[in-house]
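Try each task before reading its solution.

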Amino acid sequence: MKRKLETSEMIFKVISYTFLSIFALACLYPFLYAVSASISGGHAVDYGEVVLFPKDVQFEAFARMFNDNMFWNAYSNTLFLTFYGTIWALFVAILGGYALSKKRLLFRRFFNFFLVFTMLFSAGLVPQYLNYLDTKAVFNAMGITDDKWLVVIAMGMAAMNIILLRNAFEGVPSEIEEAAIVDGATEFQVLKKVYIPMCKSTIATVALFFAISRWNGYFWARQMISNSNEHPLQVFIRLRLEEFTDPEAMTGWNEIYSSDSVIYALIVCSIVPILIIYPFIQKYFAKGVNAGGVKE
Amino acid sequence: MKANAADFLIYDEAAGVYRANPEQLVRDDVEKHQWKHVALTIAKDWRLYLMLVPMLLVFLFWRYLPMYELLGCFKVSDEVKPVADQLFSGFSYFKRLLVGGDSMSTEFWRALRNTFLLSFYGLCFGFPMPIILALFFNEIRSNLVRSTCQVLTYLPKFMSTVIMTSLVTMLVKQGSLTTGMGIISQALHSLGLVSYDVANAGLLNNPDFFRAIYQISGIWEGAGYDSIVYFAAIIAISPTSYEAAQIDGAGKMAQMRYVVLPGILSTIVIMLITRIGSLLNIGYEKVLLLYNTNTYVTADVVSTFAQRYGLQGSQKGLAAAAEMMNNVISMLLVISANTIARKASDTSLY
């Protein structure tokens with residue numbers, strides 16, 4: 001009996017170790033390949049001689065990109081959108097989530113429905129597009145001609161994140177709030193001194209969600225930002241990809257590195273900052289998933 | 001609540017008469033001048049209501065005003081006039097899309113079918129993958145090995161759609177006279193899975209491969225991250241359950257069947273129901289970034305259909321109508337899924 005147990009357990013262990021290592025390596029491989037291909041020589045990349053390790057190492061593709069002003073411009077635009085976008089979204093979401101967490105709020109059910117309905121039904125791309133065009137016109141009339149502000153203010157709000165914050169605020173014992181009010185604190189002070197410190201980890205998670213969606217934002221940034229100097233990194237990468245994978249446009253290519261290497265270098269450069277902060281934010285990311293199944 | 005005489009009248013012993021209960025007078029006043037009291041409550045608590053304002057405005061302007069633009073579905077599209085001034089055209093767009101009989105309606109039905117199929121295949125192949133991963137993660141006793149594996153599998157989730165699709169595009173790209181094909185195409189060719197001509201023409205240019213590429217890249221991107229929730233459910237199972245099962249002589253498979261599976265069943269059910277609810281709600285960005293004119297047959301979904309005709313073309317009303325039908329059905333699906341989830345397990349998304 002004991003013998004049989006151990007065998008089945010061993011088999012299962014072996015299977016899981018093999019499967020998981022294969023899967024984990026498969027997850028990693030495209031990134032490793034991108035790094036190798038970005039620093040390999042033109043012939044080696046074009047004829048598929050690079051499999052894992054770089055061949056005929058060159059750094060010209062990276063140099064070409066680093067000398068490209070548009071690249072740095074795109075990077076700073078993305079940082080701008082991520083920084084201000086996250087602050088704005090957090091500001092709106094924390095205030096809204098706090099107010100919704102209060103049982104004494106009149107029309108609370110209506111406000112909740114107002115929020116949740118946007119998760120159930122969206123008007124779709126075309127109405128959204130027309131709406132953003134109108135917003136753009138209004139912003140221009142107000143003297144804000146930089147389309148980045150349109151992206152910061154009008155986009156990226158997610159009802160789910162507000163609900164996450166609301167639930168976290170609801171979890172704070174009301175006695176603490178009452179004590180603060182007895183001490184003469186106003187609503188804003190209560191929020192700042194009691195609720196925000198007590199829900200720090202949820203706020204960090206939500207901030208992370210906002211920041212990631214801002215960093216990754218592509219479609220509407222491409223649709224709405226007309227000046228190519230204001231394009232964020234994702235739009236820049238996509239435009240370069242479209243340009244460099246067009247065989248006809250690339251017939252005159254005559255460099256020691258492949259045109260593919262430039263794309264891979266771009267991909268590597270946009271991944272590196274995420275990889276650097278990844279170990280620090282990973283645990284918040286995992287936490288957010290567990291908070292996803294919320295009760296009412 | 002039942003009315004009680006003491007609620008209305010109180011006997012005043014000093015004067016020897018009945019007087020109206022002052023609390024009841026307040027209640028009467030609230031009932032009579034409801035809105036005045038609402039205003040008073042709000043005025044007294046104005047800071048709380050002020051906090052709601054930014055959120056309400058953001059949602060009103062950029063989530064609810066677009067719904068007003070949906071009126072364009074019933075009106076003759078016009079590039080210049082705002083939607084309010086356009087001429088009314090009734091259900092003509094809907095009719096044309098559903099039963100028009102021309103290429104437009106064929107294309108719409110194709111897009112609707114593709115939308116459904118892409119999510120349905122995701123349900124068949126993408127859904128079980130995180131569960132399997134979580135089961136395997138649980139088998140690894142070494143913390144270091146397990147967390148390394150987990151961190152590596154979460155990694156693709158952090159990449160933007162643009163980066164992910166760029167990588168996919170490059171890995172399966174077409175070959176030309178001067179350049180070879182992508183490394184994955186090469187590998188598939190040398191494994192004998194695809195012929196040289198097919199691989200060299202670019203797998204993304206071939207409608208037969210679009211769904212596979214979409215699903216595999218989806219698993220690559222999301223399976224690790226989605227396994228978190230199942231893994232959390234598995235480690236929440238008490239170790240005593242395993243011990244009891246072992247004493248009863250349960251082997252590994254029997255433990256899986258009778259301990260682990262019941263332990264994570266409710267999580268699976270919830271995730272499954274949510275997934276079914278969003279069958280018609282798939283991210284357009286990924287499709288938009290991966291498809292091209294050659295693969296419309298299998299790749300075109302309703303959102304990209306709307307994007308092509310409404311944003312690139314000028315048939316705004318028609319495109320909006322197409323997407324609205326999709327989104328209304330999608331909303332009904334989500335609501336019913338949510339109701340079922342609530343009934344089944346007390347857990348619901350909203």
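**Exercise 1: Around one alanine**

Leaving aside its neighbours within four places in sequence, B:A321 is in contact with B:C73, B:Y93, B:F94 and B:L97; two residues are in contact if their C-beta atoms, placed from the backbone, lie within 7 Å. This is a predicted model, in which local features need pLDDT of at least 70 and side-chain atom pairs count only at pLDDT 80 or more, while totals for chains, interfaces and linings use all residues. Residues are numbered from 1 along each chain as its sequence is written, and chains are lettered from A and ligands numbered from 1 in the order in which they are written.

Task: find which residues touch the most other members of the largest nonpolar core.

Solution. Step 1: recall that a nonpolar core is a set of buried Ala, Val, Leu, Ile, Met, Phe, Trp, Tyr and Cys residues joined through C-beta atoms within 7 Å. A residue is buried if 20 or more other C-beta atoms lie within 10 Å of its own, exposed if 12 or fewer, and partly exposed in between.
Step 1: the core has 143 residues, and A:I267, B:A306, B:A321 and B:A322 touch the most other members.
Step 2: helix α12 (residues 207–235) of chain B gives the most to this core, with 13 residues. Helices are DSSP runs (H or I, at least four residues), numbered from the N terminus.
Step 3: domain 1 (5–85) and domain 2 (96–345) of chain B both give residues to the core, so it lies between them. These bounds come from an automatic or database domain assignment.

**Exercise 2: A glycine in chain B**

Task: say whether B:G310 is buried or exposed, and list its contacts.

Solution. Step 1: locate B:G310 in helix α17 (residues 302–312) of chain B.
Step 1: 26 other C-beta atoms lie within 10 Å, so B:G310 is buried.
Step 2: beyond its neighbours within four places in sequence, B:G310 is in contact with A:L125, A:V126, B:Q315, B:K316, B:A319 and B:A320.
Step 3: look at B:A320 again; its C-alpha atom is 7.2 Å from that of B:G310, 10 residues apart along the chain.

**Exercise 3: Where the chains meet**

Task: describe the side of chain B that touches chain A.

Solution. Step 1: 77 residues of chain B are in contact with 81 residues of chain A.
Step 1: on the chain B side, helix α4 (residues 46–69) provides the largest share, 14 residues.
Step 2: by class, that side has 47 nonpolar, 20 polar and 10 charged residues. Here Ala, Val, Leu, Ile, Met, Phe, Trp, Tyr, Cys and Pro count as nonpolar, Asp, Glu, Lys and Arg as charged, and the others, Gly among them, as polar.

**Exercise 4: An enclosed helix in chain A**

Task: work out what covers the buried residues of α8(A).

Solution. Step 1: chain A has 14 helices and 0 strands; α8 covers residues 159–170.
Step 1: 9 of its 12 residues are buried, so α8(A) is largely enclosed by the rest of the structure. Among them are A:I162, A:L165 and A:F169.
Step 2: the cover includes α4 (69–101), α5 (108–120), α10 (187–198) and α11 (200–216) of chain A, together with α4 of chain B.
Step 3: for the whole of chain A, 39% of the 296 residues count as buried.

Terms used:
Helix = DSSP H or I, 4+ residues; strand = E, 2+ residues; numbered from the N terminus. Expected span 1.5 Å × (residues − 1).
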